[in-house]
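Dear colleague,

Please find below the structure that I am handing over to you.

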Amino acid sequence: MAFALAIFGRLDCPAQNAQGQTNSQPKHVLMLFSEGKDVPGNILQEQAVKAEMQKDSTNRLEFSSEYLDASHFSGKEHFRVFQNYIGKKYDGRNLDLVVAFPSQDYMLAGELPDALFPVVPVVFVAVNEMDVPLAISKLGVTGIVQRFDIRGTLGLIMRLQPDTRRVVVIGGTTESDRATLGRIAEESQSMEGVQFDFWTNRPVTKLPGDVSSLPEGTVILLSTVQRDVTGQPYHTSMLAQMLAPEASVPVYVLGGWALGSGAVGGAVIDPDDLGARAGQLALRVLGGEDPEKVPIVVATKGTPMVDWRALQRWGINESRVPADALIRYRPQTLWDEHQDLILILLAVFLAQAVTITGLVLQRSQRRRAEAVILDQRTELAHVTRVSAMGQLTSAISHELNQPLGAILRNAEAAEIFLQKENPDLEEIRAILADIRKDDQRAGDVIKRMRSLLKRRSLDLKPLNLDELLAETVAMAQPDARARKIFLTLQLREKLPEVLGDRVHLQQVLLNLILNGMDAMTGVPKSQRLLTVSAKQAKDGGVEATVSDCGSGIAPDKIGRLFEPFFTTKENGMGMGLAISQTIIEAHGGKIWGGNNSPRGAAFFFTLPANDD
Amino acid sequence: MNTPPESEIVFIVDDDESFLKSVSRLLRAAGYSVNAFGSAKKFLEQIAPGMSGCVLADLQMPGLNGLELQAALVKSASPMPVIFLSAQGDIPTTVKAMRGGAEDFLTKLDPKEKLLDAIRRALARGAREHKARGHLRTLRERFATLTPREMEVLEQVVSGHLNKQIADRLGINERTVKLHRTNLTRRLNVKSVAELTRLTEEAGMFRRGKTD
């Protein structure tokens, strides 16, 4: 981690001894939600976590939030795309903490951060009835599992409405929904004289009608509904808003986020309180506590909460409300009422704004996810292209080795002739003539190849180099990971459009990236940093840089870098940079290389801006 | 040429004229007898029994390639060790070539020491195999001088039958059997039945699979 902190965001190579971080840098917290952003529970929890964490002033905090939205987009493929998206988006970002709000599969707290950010500590907040999988505890993550307080809610129902004889339980069909229903069924055993009906087979669209004619002595307990029997995804709070106003009997809920809908209340999970507890936990871990040593908290108690307006509607005497329960939405003095109104309005506005931003974000997220898929598809094409380049190289090396082999054999023969007492000068002359001929032939191979490159004339199109850079870096990323090299792309500004041939420019970039990787094989893992960056050049074009932290280039060799067959690699052909130069110059650009300070080499190329 | 026929020759097969010329030149300078061919087909056409030496062949050639040349050579009148030369060695081809019995696998850019070393080894192996083949051939030639009847008698003798039994089996006079025996021992230049049996075995006569 110390290494990551020291190098991120810097173009230059780390000093030989990577230094620790400074406190002035903000701590970056990534919040991962399994549900969408427009889920009220999420909004409230997210706000509460942030608020709690910001109470602590030791660190400046920077928050990012991402939403898997598993209710609308389920399936492994979507998860993979999401994971890839998160991986790419936060690649090169310095994350200090992941706060996960996983569904019952805990993938957001386990599999995903473990794969993408293996060294970043994880704190999770899970609201469900399932046990924490062993694999999660093994990963050393900590967090809070909050259970629904079903016993507390049933107790509150009987306290407020002692005459209740029947509880209609409305629940959904997902695994998590069924787990909650199972808990309710379990608790119902201890409620003698009360009949429990489980409504899980009714489409949500039919429910408002069904609940409008329930007889007296009945109450509705709204369990969780992630999906109804038709497979349609819902949020429980949305359902509460649909049902509570229509119901002919009081509705009770399990989550604080469903309050305000017209429901009476329940021993609910208070999102503010849960968020605050999660925030405290997150602060402890951020402060350096080993999450492995912080036990996972399983909380079963809810906060009794009632809606004063609902009490009025159903004629429930306020004296029945337990002393420890919170009464919400009670009109107080005129001033208080106004204050409340203002606050409520503000909250509504805020929630609306958040929802709207959420929807907009979601759309752009989806667009980006789609782009990722497209990316992967083209990646395949690119791999073919790269291997075609490999085949080309192989063909060239075959073509070249023929004359080179002949030159070698001739030179060796000449050596033997010269060792004889009376060297046959005629023979040696013939040998030299042949050597010259083969040398010419080798030169022709190069010329032919260069003209081949030129003839496969450049397909110049306006293109955004930033996209090309990102795509190429992503392509090289698996290789970099395998070689334990930290490959980052740094784009600080919007780049002007250039005219270029995607395929050829990609080859140049790949070549520079692979060279950079090769140059760092002997460098300790913690210092293998390869940075691709680009900026607007002085002449209005683009200047791209590939900078490594390898051994650098010997000063006497800098001048020869772009010569064909010049190589510093044991198995190098010495063609990569020569070809790259041909390509870049054909674009009207320049390519050059040099050493970095304190270590490593950097290669630069420029491309003129598209003037059209 | 100052090398007598039947001596060890390095046969070079390469479609690259320039390389063919240069490597021939080098090997001649190193003291070898060289016979160069521009294609595998031309070389195989020249193969005759009794040829001895080794083959230096390019792997990638138009027409018959190096591996196909090797396969044809194994079945030819004069199998010889093959050294492959490639402008670019890749592992799958190398493995295939070595499995096929290639003596060595070199790239065209390997130094001459490596090449000459490989040729020395191949020639040694070639000579050994050639000698063994020569011995066998002379042996077979000797057997080939026998008449069909003498061959029949020989087969009975090495199977351990007495003259009387042989006479019965072949339906001829016992005296005639004796005559055939004397003739065949003289022609094969052997003194005893034991020696006769050993020679017959060496020459691979009357092996299993031959009809009784």
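**Surroundings of A:Ser103**

Leaving aside neighbours within four places in sequence, A:Ser103 is in contact with A:Ser34, A:Ala70 and A:Ser176; two residues are in contact if their C-beta atoms, placed from the backbone, lie within 7 Å. This is a predicted model, in which local features need pLDDT of at least 70, side-chain atom pairs count only at pLDDT 80 or more, and totals for chains, interfaces and linings use all residues. Residues are numbered from 1 along each chain as its sequence is written, while chains are lettered from A and ligands numbered from 1 in the order in which they are written.

A:Ser103 lies in the loop between β3 (97–101) and α4 (111–116) of chain A. Helices (H or I, at least four residues) and strands (E, at least two) are DSSP runs, numbered from the N terminus. A:Ser103 counts as buried because it has 23 C-beta neighbours inside 10 Å; a residue is buried if 20 or more other C-beta atoms lie within 10 Å of its own, exposed if 12 or fewer, and partly exposed in between. A separation of 7.9 Å lies between the C-alpha atoms of A:Ser103 and A:Glu35, which are 68 residues apart along the chain.

**Nonpolar cores**

A nonpolar core is a set of buried Ala, Val, Leu, Ile, Met, Phe, Trp, Tyr and Cys residues joined through C-beta atoms within 7 Å. The largest has 86 residues, of which A:Ile220, A:Leu222, A:Val251 and A:Ala282 touch the most other members. Helix α10 (residues 271–286) of chain A gives the most to this core, namely seven residues. Not counting residues up to four places away in sequence, A:Ala282 touches A:Val49, A:Met53, A:Leu97, A:Val99 and A:Val123. Another core, of 44 residues, lies apart from it and includes A:Ile407, B:Leu27, B:Leu56 and B:Met80.

**Contact between the chains**

Chain A contributes 19 residues to the contact and chain B 15 residues. On the side of chain B that touches chain A, the largest share, eight residues, comes from helix α1 (residues 17–29) of chain B.

**A five-stranded sheet**

In chain A, five strands form an open sheet with mixed pairing, in the order β15-β17-β18-β20-β19; two strands pair if DSSP finds at least two bridges between them. Its edge strands, β15 (486–491) and β19 (591–595) of chain A, each pair on one side only. Strands β18 (residues 542–547) and β20 (residues 601–607) of chain A run antiparallel and are joined by six bridges. A:Ala544 has A:Phe605 in β20(A) as its bridge partner.
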